[in-house]
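Q: I would like to learn how to read a structural model feature by feature. Could you take me through one, giving the general idea before each case?

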Amino acid sequence: MNGNSLIKAVVENDMCIGCGMCAAQSKTGAIQMKMNQFGFYTANVIETETDMSNDDCIKVCPFNPKPDDKVKTENEIAALFLTQASNLHNKIGRYIKTYAGYSVEHRLNSSSGGIATYTLTELMRRGEIQHVISVKAGPNTTHYQYTISSSIDELASAAKTKYYPVTLADALKDIKKLEGKVAIVGVACFIKAIRLAQVYDPIFNDKVGFLIGIICGGVKSAFFAEYLSSKSGVAADEFKQPEFRIKDHDSTASDYSFGCLDKNNIHQTIKMRKVGDMWGTGLFKANACDYCDDVTTELADLSLGDAWLEPYSSDGRGTSVLVTRSNLAEDIIKAGIANGELVIDELPEERFLASQQGSFNHRHDGLAYRIKIGKMPLDVIPPKRFTNTRLTPLLKIIHRLRIATREQSLLVWASSKESHVFDHKMQRSLYWLKFFTRVSHYQRAIIRRLKKVLFK
């Protein structure tokens, strides 16, 4: 099977995450990124006489089902790039230290602790990089896109998390033309694609100076923003400038709002707690995310996520968890602590794991079962770790319901695009998923209490 056939197999089996690395590496433009009918970017292979195989392009796909042995999984790739990381954990990956904290200057204008903006600013100030590729606001038709910042002042507009599909394809096509080194911000699958490009393209490898990984709960369809705009009272085809993480400084970290402009440029908002659980349910999530086992963006120089544990989660101003994986990342964090620009606590390994426990439960513990019952042919699933886990009958029910709910959410929204219609049609599926999830939580709580009694 040649490169084109493999790329088509990935796309046709709903395993393309839309990173666009294959399109960026295509020398003739025979691969283009287009948004499909369910609001995800996917690769579109255009057959030409001069570029029929694209064998090099499939090698940089994070969901390549037939990778070379030297890049078989995140473990092998990390061994190539993160040689300075002295600690190794099967769930965290290679790392130097784990932390929790925030940037004094950038915290309030970020989704969590402002560490990404602080780090990128420091990298530029030190001359380690000259450009940053990150997600910013685009034209109203796309809302967000990857763009290039070449000054510290330009970085401010890239702060905050955007739960909207983007692709690296266009930004990375220009990377070799830039003078100096580049830092790139992305979720796990995008970071993996960049590392793969570094392996196979020496010029690209020389240009990339630093990677910041955003710990991700799953890539969302454009339908997610449309649904939230409709819930806030703005028609799905009329909203502008969506904001996904508007903080309430006087409340908790999880008590944030979605906001957007309506056709009259009036800002409308809605508290996400009124919307309901959009993450544990898998609503509007990409199918490929259910076959990703990299919870902590293991291949980045610095991994950042939300500190979903006390006392940090009670602070609505936001706090990040951090994983340093290179000496440069560690030095920037230590220097920031020393000069008072960062307020950071060292976080014990077990505490860091607890901050992302829900994602570990789903992506690691349930992976083998999802592969077993999923519709994906085994020959289009890339090599995976964490495939020896077993689930209780109750957890098997929950994983089946999540798969069904994810699929149903995309089909229902594609046909209606009105939140009240969507809520009505999804009510039964979400009820049963919530019911069995709650039973599972009670079961776990009982088991924990029994263990304390029996083994104290």
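The dialogue below takes up cysteines, the sheet, a pocket, and some single residues.

Q: What should I know about the model before reading numbers from it?
A: This is a predicted model, in which local features need pLDDT of at least 70 and side-chain atom pairs count only at pLDDT 80 or more, while totals for chains, interfaces and linings use all residues. Residues are numbered from 1 along each chain as its sequence is written, and side-chain values use heavy atoms, with hydrogens and water left out.

Q: How many disulfides does the structure hold?
A: A disulfide is a covalent bond between the sulfur atoms of two cysteines. Here the term is applied to a pair of cysteine sulfur atoms within 2.5 Å, and the structure holds zero of them. Cys-22, for example, is in no disulfide, with the nearest cysteine sulfur, that of Cys-16, lying 6.3 Å away.

Q: Are Cys-22 and Cys-216 buried or exposed?
A: A residue is called buried under 20% relative accessible area, exposed over 50%, and partly exposed in between, using a 1.4 Å probe and protein chains only. Cys-22 counts as buried because its relative accessibility is 11%, and Cys-216 counts as buried because its value is 17%.

Q: In what order do the strands of the open sheet run?
A: Strands of a sheet pair through backbone hydrogen bonds, either parallel or antiparallel. Two strands are taken to pair if DSSP finds at least two bridges between them, and the elements themselves are DSSP runs numbered from the N terminus, with helices being H or I of at least four residues and strands being E of at least two. In this model eight strands form an open sheet with mixed pairing, in the order E7-E6-E8-E9-E13-E14-E5-E15. Strand E7 (144-149) and strand E15 (342-346) are the edge strands, each pairing on one side only, and the twist averages 30° from one strand to the next.

Q: In which sense do E13 and E14 pair?
A: Strand E13 (residues 302-306) pairs with strand E14 (residues 320-324) in the antiparallel sense, over five bridges; within that pairing, Gly-305 has Val-321 of E14 as its bridge partner.

Q: Which strands does helix H8 touch, and which does helix H12 touch?
A: Contact is taken as heavy atoms within 4.5 Å, and axes are lines fitted to C-alpha atoms, for helices over the stretch in contact, with angles between N-to-C directions running from 0 to 180 degrees. Helix H8 (residues 188-200) packs on the sheet, touching E7, strand E8 (182-186) and strand E9 (208-214), and its direction makes about 160° with that of E9. Helix H12 (residues 327-338) also packs on the sheet, where it touches strand E5 (97-103), E9, E13, E14 and E15, and its direction makes about 45° with that of E5.

Q: Which residues are closest to the centre of the second largest pocket?
A: On a 1 Å grid over the protein atoms alone, a pocket is an open set of points with protein on both sides within 12 Å along at least five of seven lines, a 1.4 Å probe being used, and lining residues have an atom within 4 Å of a point. Grid points are joined across faces, edges and corners, and a volume is the space filled by probe spheres set on the points. The second largest pocket holds about 360 Å³ of space, and of its 20 lining residues the closest to the centre are Asp-14, Asn-287, Lys-375, Arg-406 and Glu-407. Helix H15 (367-373) and helix H16 (393-416) each supply at least two lining residues, with H16 giving the most, six residues.

Q: Where is Gln-25 placed, and what does Gln-25 touch?
A: Gln-25 is in helix H2 (residues 21-25) and counts as buried because its relative accessibility is 18%. Leaving aside residues up to four places away in sequence, Gln-25 touches Cys-57, Val-60, Ala-197, Asp-201 and Phe-204.

Q: Which peptide bond is cis, and where does Pro-311 lie?
A: The cis peptide bond joins Glu-310 and Pro-311, with omega about 5°, and Pro-311 is in the loop between E13 and E14.

Q: What is phi of Gln-241, and what is phi of Lys-417?
A: Phi of Gln-241 is near 50°, a positive value in a residue other than glycine; Gln-241 is found in strand E10 (residues 240-246) and is exposed, with a relative accessible area of 52%. Phi of Lys-417 is near 60°, likewise positive in a residue other than glycine; Lys-417 is in the loop between H16 and helix H17 (419-455) and is partly exposed, at 32%.
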